[in-house]
Amino acid sequence: MRQIRQPGPITPERIQWVAARGRSFSFTMERGVPLLEAARRGFSAEGFSGGVLNIRAGSLGPFAYVMPALSKTEANAAFYSDTFRPQGVTRLRTGTMTLGVRDNTAFFHCHALWTEADGRAGGGHILPEETVVAEAFAVDAFGLDGAVFAAEPDAETNFKLFGPVAAQPSQAETSRRAFALRLRPNQDVAFALERFCRDHRITRARIHGGVGSTIGANFEDGRRVAPFATELTVTSGTIAPAASGETEAQLDVALVDYTGGLAEGRLVRGDNPVLMTLELVLEVIA
């Protein structure tokens, strides 16, 4: 399996996790509101300070983003591009967001694919400071109680990354057990999730959110993304017993690589290692 050497020491705990409770709900991103504030308001209205959400469509403008890029120094295994600011309204096709905290204030990590006003298809990492909701659009969210994603320095990758930490329970209404997870580099996404579920006696779970990167990608239909630096969004994901009786993770993703190439499909189990991080929520079904 592909591996990329990270600049810092390997963290022994390969999955950072916190047990929590949560609930699925939907809300509308308000027109004319900065995307970060629109997301914060949606979670707050349901009694949550954060969680994850899935975007099926949406319109943004002004809009700013970066793409994955090669690192110009040895300080990081990969980096990010200069900032792009396309004119007009950008139409989202699919995306996921983690809403958490950075420096004690609300912040998000969001990857998506989209079509810009001139028809150009693109993808990448949306910048919260410069992006505004152009037209109201609906999103599907999963709020967390008892855990929050917090941006903290990560010695292994030499980035400040979201990871789950325990939080004081609130009075939010919840309906399911959940686990907030961050997968660390150089482990296969599906196998890591399957191992976690076996260790916690989870036989069925639904994946919510899913923002991160893989070392290229191999899809079940035989397609391959060779450029190693990507930014990825999980479009759907489940953990469930297979015909063999073993618990298997199935993840459909969309991604952009550092050359600007776009790809979508189902990841091959056992051959799609994490590049920098992958944060997501597991909703326990059984």
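**Figure 1. A salt bridge joins D154 and R182.** The side chains of D154 and R182 meet at 3.2 Å, N to O; a salt bridge here is a side-chain nitrogen of Lys or Arg within 4 Å of a carboxyl oxygen of Asp or Glu. D154 lies in strand β12 (residues 147-154) and R182 in strand β14 (residues 176-183), so the pair ties together parts that are 28 residues apart in sequence. Strands are DSSP runs (E, at least two residues), numbered from the N terminus. D154 is buried at 8% relative accessibility. R182 is buried too, at 2%. Buried means under 20% relative accessible area, exposed over 50%, and partly exposed in between (1.4 Å probe, protein chains only). The model is predicted: local features need pLDDT of at least 70, side-chain atom pairs count only at pLDDT 80 or more, and totals for chains, interfaces and linings use all residues. Residues are numbered from 1 along each chain as its sequence is written, and side-chain values use heavy atoms, with hydrogens and water left out.

**Figure 2. R91 pairs with E135.** The closest N and O atoms of this salt bridge are 2.9 Å apart. R91 belongs to strand β7 (residues 90-102) and E135 to strand β10 (residues 133-135), so the contact ties together parts 44 residues apart in sequence. R91 is partly exposed, with 38% relative accessibility. E135 is also partly exposed, at 34%.

**Figure 3. R266 forms a salt bridge with D252.** Their closest N and O atoms lie 2.8 Å apart. R266 sits in strand β20 (residues 262-266) and D252 in strand β19 (residues 247-257), so the pair ties together parts that are 14 residues apart in sequence. R266 is partly exposed at 33% relative accessibility, whereas D252 is buried at 18%.

**Figure 4. A salt-bridge network links E30, E37, R40 and R41.** Side chains of opposite charge can pair when their charged atoms come close. The count for the model is 19 salt bridges.

**Figure 5. The largest pocket has a volume of about 660 Å³.** A pocket is an open set of points on a 1 Å grid over the protein atoms alone, where a 1.4 Å probe fits, with protein on both sides within 12 Å along at least five of seven lines. The volume is the space filled by probe spheres set on the points, which are joined across faces, edges and corners. The lining holds 29 residues, and Y80, H109, H125, F159 and L161 lie nearest the centre; lining residues have an atom within 4 Å of a point. Elements giving two or more residues to this lining are β6 (79-80), β8 (105-115), β13 (159-166), β15 (205-214), β18 (230-241) and β21 (274-284). The lining divides into 16 nonpolar, nine polar and four charged residues. Ala, Val, Leu, Ile, Met, Phe, Trp, Tyr, Cys and Pro count as nonpolar, Asp, Glu, Lys and Arg as charged, and the others, Gly among them, as polar.

**Figure 6. The second largest pocket has a volume of about 180 Å³.** Its lining comprises 16 residues, with N54, R56, R206, I207 and H208 nearest the centre. Two or more lining residues come from each of β1 (15-29), β2 (51-55), β11 (137-145), β15 and β18. Six lining residues are nonpolar, seven polar and three charged.

**Figure 7. Cysteines C110 and C197 are buried.** C110 has a relative accessible area of 0%. C197 has 0% as well. The model has zero disulfides, a disulfide being a pair of cysteine sulfur atoms within 2.5 Å.

Notes: Helices (H or I, at least four residues) and strands (E, at least two) are DSSP runs, numbered from the N terminus.
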